[in-house]
Amino acid sequence: MTFKGFAVQYPEYEVITPQTKKSFTLRSLNVQEEERLKGSLVTPTKIAEHLNSCLFNSIVSKPPDITDLDSFIRNTTLKDRDALLYGLYHITYEEIRNYQVKCTACANNYSVTVQASSTFNFNSYPGENILTDSHKVELPVSKGVFVTIKQPTLFDEVYGITQLSNRPGTTIELITETLIISKFEQDVPEKKNPIIYSDRVDVIDAYLSLPAKDKRTIYRTYEKEFGAYGIELKMQSNCTSCGNQDKYDIDLVESFFRSLFSA
Ligand SMILES: [Zn+2]
């Protein structure tokens, strides 16, 4: 007999994205998709692309303006992806197994297993359109320099990594953490118009030159305007050695890849 597929209905789960507020239905990953994702781990610059296409392929129903992978990555934010990944995780694995934590009182390392749904919190973006919203602030130390903060999309991430990861001295962490900056503007006293730096290379170089205090202003502004809206996965646990109770934020991307190997 040649295998023609089982008549299996994969489990499905509906996710409302917290930032763009769209409804998706996702189905569980199959074994082949798990294997493909594991394979993507060997190339760090490809992880984002693989995650995006894996998520897109798991979508059973989606909003009408999302017609293909390209429109998906342009209209979905990084925080929305966390929510979709949560949905995929929930429907594929249900529980977050053997999550490694470190006790803040006695430094004991131990592992915890929790139901994914028990960790879940959702905070919806109150604005109209997060894809076009931005927020401009003057930097407190670099007077006359303004930064415009936005919520990056999956496209921004893939584009940034593809364009810049081969540039000497530019790490994936640096590319990712500067995605929230859409541009810098510098007032010049004798000129009418400010100088604008919006190219990714210029944005990263300008960012690296900032005093540390200005960096904090950038991240505080992002958190307040955009970052606070999304899902949060929190759990509480008691240390297996001293009994101290701690709260932990779960990194979903990390636990996702870990469960691929322990499933
Ligand atoms: Zn302890």
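Strands E1 (residues 12–16) and E2 run antiparallel and are joined by five bridges; strands here are DSSP runs labelled E of at least two residues, helices are H or I runs of at least four, and both are numbered from the N terminus. Two strands count as paired if DSSP finds at least two bridges between them. Heads-up: this is a predicted model, so local features need pLDDT of at least 70 and side-chain atom pairs pLDDT 80 or more, while totals for chains, interfaces and linings use all residues. Numbering starts from 1 along each chain as its sequence is written, and side-chain values use heavy atoms, without hydrogens or water.

**Around E2**
- Opposite Arg27 of E2 you'll find Glu12.
- The E1–E2 hairpin has six residues between its strands, and Lys21 takes a positive phi near 55° there.
- E2 also runs antiparallel to strand E3 (residues 59–61), with two bridges joining them; Thr25 has Ser61 in E3 as its bridge partner.
- Four of the five E2 residues are buried (under 20% relative accessible area with a 1.4 Å probe, protein chains only).

**Leu37 up close**
- Leaving out residues up to four places away in sequence, Leu37 touches Leu29, His50, Leu51, Cys54, Phe256, Phe257 and Leu260, where contact is heavy atoms within 4.5 Å.

Notes
Buried means under 20% relative accessible area, exposed over 50%, partly exposed in between (1.4 Å probe, protein chains only).
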